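The model is shown below.

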Amino acid sequence: MKTANQDIKPISRKINEQGNIEIGGCDLVDLANEYGTPLYVFDEATIRSITNSYKDAFKEYQNMRMMFASKAFMTKAICKIMEQEGFGLDLCSGGEIYTAHSAGFDMSKTMFNGNNKTYEELSMAIEYGIGTISVDNFFELALLNSIAESNNKNIRILLRITPGIECHTHEYIQTGHLDSKFGFDLTQIDEAIELIKEEYKNLELIGLHAHIGSQIFEKQVYFDEVSVLFKEMRRIKDTHGIELTEVNLGGGLGIKYTQNDKPISVYEIAQTIIDAIKLNTKKYELKEPFVFIEPGRSIVGTAGVTIYTAGSSKQVPDGRRYQAVDGGMSDNARPSLYQAEYTVEVANKPNETETEKITIAGKHCESGDILAKDITLPIIEEGDVICFYNTGAYGYSMSSNYNRVLKAAAVLVNNGKSDIIINRQTYEQLCESDVIPDRLN
Ligand code: LLP
């Protein structure tokens with residue numbers, strides 16, 4: 001069965017009677033007028049369709065929890081949606097922990113991971129009652145144990161391991177291969193377990209965690225990942241007499257940014273994982289573990305679009321035509337950081353047949369601030385509303401104030417209703433943290 005991550009556009013996207021694009025029953029041109037641009041628009045129906053696909057696809061394996069990897073898009077409203085959908089949260093910083101806690105999220109359903117968690121972040125995680133901590137390295141084992149000890153708490157931990165699996169994605173977003181900054185190498189696991197057994201009495205080792213990368217299109221790597229983890233669990237049982245009961249397989253399922261992307265469905269990945277678990281449980285004579293998965297991009301990526309207003313344009317004599325928009329690398333860093341490609345439409349003229357080759361440029365003082373290179377679009381005029389699909393994941397979450405450009409607003413749309421979920425930043429907020437020392441006055 002096809003799932004929403006396999007389409008470029010949100011499931012509710014249509015062309016309405018005015019000939020404009022609408023999402024969640026809301027005309028994108030009206031949204032641009034009401035809220036201003038750049039604006040992130042999130043289709044609630046697409047988010048819920050994907051979370052439901054995950055639940056349905058894994059229903060055969062009940063002994064598990066889906067966790068939304070909040071690094072993809074973290075706001076209080078998304079915490080509420082995930083709570084309603086029965087998802088937990090994968091958190092990777094003090095800011096994400098704070099946001100989940102402020103949204104009233106059940107912190108027992110959260111996990112904290114990251115390769116350099118600080119004393120303050122770990123203390124906050126413990127104070128707020130985080131469910132599990134995925135420990136990344138020896139330094140953190142010692143630090144976490146000392147914090148847990150002084151708080152008189154026992155902490156449930158997973159060990160993050162690098163399973164040595166290479167997947168075909170952009171080099172910057174590969175995480176599970178051996179030369180990676182994340183996690184314990186398999187050869188370091190025994191030493192970590194000895195330390196936990198002998199010295200770190202406030203840590204309770206319950207399982208293993210791995211994440212093999214992001215924007216993955218292959219099933220086989222998940223099969224391999226499960227096999228590596230289960231083999232390791234068996235080895236740990238034989239060597240240390242510890243039967244681990246939980247395993248976290250990370251996230252990574254890809255989405256369709258352009259026609260060239262061919263992501264697999266949530267059902268395919270679920271079946272692969274379930275088959276691999278069943279097979280390896282038998283093979284290594286283990287009990288079926290409690291399984292976590294933590295998808296981010298595939299949950300919110302397709303649901304989100306960004307709309308911009310077309311401004312100035314430039315025709316290079318005998319060269320490219322550039323059309324500038326009122327945002328750029330500050331609201332979407334992915335094109336300049338990963339050469340990411342997007343599908344683009346003009347929201348007020350999606351059906352126009354007369355087209356031109358155009359490069360969409362951002363407004364930042366940097367030549368590399370290009371959002372889409374040499375694409376074909378209807379002839380753009382100043383004031384047109386330009387829609388970039390698939391910006392829901394790692395768009396807002398990687399946004400910045402470069403050039404002191406304000407952070408954009410985000411709305412959630414559904415059944416003809418739009419609600420602000422992130423207010424547009426104001427100039428006052430922009431300067432809020434600035435301090436002029438007295439001696440400069
Ligand atoms: N779990 C862990 C431990 C992770 O590090 C990540 C993503 C995820 C889960 C979620 O992976 P997803 O399902 O979203 O692929 N900024 C990059 C993506 C970086 C992903 C980092 N880790 C981008 O814009 O493509």
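## Ligand site

Of the 20 residues around the ligand, S214, R297, R334, Y338 and Y394 come nearest; a residue is near if one of its heavy atoms lies within 4 Å. The shell divides into 6 nonpolar, 8 polar and 6 charged residues, where Ala, Val, Leu, Ile, Met, Phe, Trp, Tyr, Cys and Pro count as nonpolar, Asp, Glu, Lys and Arg as charged, and the others, Gly among them, as polar.

A polar backbone atom of G252 lies 2.8 Å from an oxygen atom of the ligand, and a polar backbone atom of G296 is 2.8 Å from an oxygen atom of the ligand. On its own the ligand has 590 Å² of accessible area (Shrake-Rupley method, 1.4 Å probe), and the protein covers 93% of that area.

## Basis of the values

This is a predicted model in which local features need pLDDT of at least 70 and side-chain atom pairs pLDDT 80 or more, while totals for chains, interfaces and linings use all residues. Residues are numbered from 1 along each chain as its sequence is written, and side-chain values use heavy atoms, with hydrogens and water left out.

## Strand β8

Strand β7 (residues 110-112) runs parallel to β8, joined by 2 bridges; pairing requires at least two DSSP bridges. M111 has T132 as its bridge partner in β8. β8 also pairs with strand β9 (residues 155-162) in the parallel sense over 3 bridges, and I157 in β9 is the bridge partner of I133.

How values were computed:
Helices (H or I, at least four residues) and strands (E, at least two) are DSSP runs, numbered from the N terminus. A polar contact is a pair of N or O atoms within 3.5 Å; within protein, one must be able to donate a hydrogen and the other to accept it, and residues adjacent in sequence count only if both atoms are side-chain atoms.
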